[in-house]
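Thanks for coming. I will go through the aromatic rings in this one and then stop for comments.

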Amino acid sequence: MEQYGHLHPLSQLIHRSWQFFKSHGFTVAGGPEIESEYYNFDALNIPADHPARAMQDTFWLKPLERREVLRTHTTSVDPRYLEGNEPPFRIIVPGRVFRNEATDATHEAQFYQIDGLVVGNDVHMGNLKWLLEEFYKHIFGADLEFRWRRSFFSFVEPGVELDIKWGGKWLEVVGAGMLHPTVFTRAGRDATKWRGLAFGTGLDRLAMIKYGISDIRLLYGDDIRFLKQF
Amino acid sequence: MKISWNEVSHYFEEPLPKPLELVERITASFCEIEGIENLEGDYLLDVKILPDRPDAKNAAGFARELSAIMGWSVLSGTSVIADATTARITIDFIPSNLNDILGLSLSDAEISSFLNRVRVGVVGGKAYIPSDRIDLNLVEDLADEVMRLYGVERIPSTALPSLSNQPSSPFFEAVEKVRVLLASAGYTEIYAYSFAPEGEREVEKSLASHKSFLRTNLSDNLKEKLQWNLQFNLFEYDPVKLFEVGTVFSGGKEELHLSVGIAYAKEKYKKESLPAWLGAGDSPVYEVPLVQLLPTLEKIDTPDATPYLNLDKTFKPFSLYPRIVRDIALFVPVGVTADEVATVIRENAGPLLVEGPVKFDEYSKEGEERTSLAFRIAFQSHKKSLTDDEAHTALSGIISALEKHPSWEVRK
């Protein structure tokens, strides 16, 4: 029989991502999967009436009075880290997140993200572009083509999105931007002194693109016929 | 929201190109275009604008945006720059603020010109925001306006300054170490579901009744999957070896656990226990909070992860129909290698071969001039359950290819 075991494809991708970010001065931060409404939404400047908070999108835990959710993004760790650590710093947050949606070949109720946050007093959009372009080249190869678009997320301003060209098609891979001043202020940091580069990428999607996996549910099927291929 | 291209074009003196030619530019700078409908002599654009932009939700507003992005002039009166008397609010700023945020070095005049294109008046250190631009409130919002008109694409990518201190992430690195240690001991990693039929913490509006709770342990699922995966082994005496690193929700808290397990189809095949460093004794399944393993892990060298990082693999869909397993045994003259024989088997097996050939026996009697070899293979179809006849036909092809070698003797 085979002498070696196999790391899960998502672990391989996390490890490979870590190699890149470590070489650029990042540390890994973590936080709880059961998160308060505050850190998952309010601290990130997500409006009280935002549809993402609704029960059809977010898993709320019983009893509702405790205002706890299964985190919908690892971005929830950003304000926690910002409160507890004096900038400047560079972190990535790989971890499991949850969305309350029916599952099919491209949607799962649980999946993985890597969020990143760089806080300094002189970082800018040009640095963010460089960082993400270098990261995706590290994962997909040096001759990767990029397309940048302006976008909108509550916790950044300005916000951008990045597409990569893979298999002849443009695929959206990451949302990013300059951390919103309100996020600094709510975390007790001086928004006039610091700037932040924030980004979040879905790892399942990257794994599916990279390995040509047709159905996201295979990642959570515990099936050695799948796992031993990687 | 639907926008009529004909209505938009009324605000321009020059004829507009077809919308398809502008989609990329509009998407990169302003809003998503979710569809373009071609109606008798007109195009209807299905647009989604974020953040909320009441000012842009009609043909005039869309035309203003288009003129701002493309630098095209619109009919007079359509786009009026705000001033101290008409402004909703005033934002104090210095142009270098915007350059600092964006990593650009635009002149004051260029910045004013970009802001004027979206009707923001600039006088001295003040930006006058039009009454209907409720989304513009901060210096960062002004940077956003300049960025989208200048083009994100054109901002030069600039290396982050390197840091002098070498970062460390001790807990994360310990978890990575456990993973690689177990993979190098032959264990395969699973990522199971966080949801379970019972537990301490329950979610509202769960997806299904058996997914209402958060799991309290990893081992219940791991044990089940050890047994279930046994059916996919090629040899009955081989074990299934799995592990998982994951969060469990128990005792009023959440905690990262490791669960490791080994299973054999029959007790008599058992020949291996869990790695000794786990301290699990003879137990076939072991679960432990990861923090408890940290002292042990410090004493073990970090193994090389490279053999377990195979990011260049491409997933091959596997068939859900049953496979048929067959063995091939033969004598070959001493000097013929198992690899040579395996190559002949592989090349003549046809498209139904899914696993193997795996050599499971090699034997030469003292003083004999021949070697006995045995291989296992499996046939499977993506389209149906194979019959014995179909497997037999595929096997016959291999056997006749082997028998073409005069000194090779297939044992039947």
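Are A:F226 and A:F230 buried or exposed? Both A:F226 and A:F230 are buried, where buried means under 20% relative accessible area, exposed over 50%, and partly exposed in between, with a 1.4 Å probe and protein chains only.

Before going on, the conditions. This is a predicted model, in which local features need pLDDT of at least 70 and side-chain atom pairs count only at pLDDT 80 or more, while totals for chains, interfaces and linings use all residues. Residues are numbered from 1 along each chain as its sequence is written, chains are lettered from A and ligands numbered from 1 in the order in which they are written, and side-chain values use heavy atoms, leaving out hydrogens and water.

Over all chains, the search finds 28 aromatic pairs. Rings of Phe, Tyr and Trp (its six-membered ring) pair if their centres lie within 6.5 Å; planes under 30 degrees apart are stacked, over 60 edge-to-face, the rest tilted. One pair is A:Y220 with B:Y193, tilted because the planes are at 45 degrees, with centres 5.8 Å apart. A:Y220 is in chain A and B:Y193 in chain B, so this pair joins two chains. A:Y220 is buried at 1% relative accessible area, whereas B:Y193 is partly exposed at 29%.

Back to A:F226 and A:F230: their pair is edge-to-face, 5.0 Å centre to centre, with 65 degrees between the planes. Ring pairs also link A:F20, A:F21, A:F26, A:F135, A:Y136 and A:F199 into a cluster.

Last, in chain B, the charged end of B:R370 sits over the ring of B:F331, 3.5 Å from its centre. The criterion is NZ of Lys or CZ of Arg within 6 Å of the ring centre and within 35 degrees of the ring normal.

Technical notes:
Helix = DSSP H or I, 4+ residues; strand = E, 2+ residues; numbered from the N terminus.
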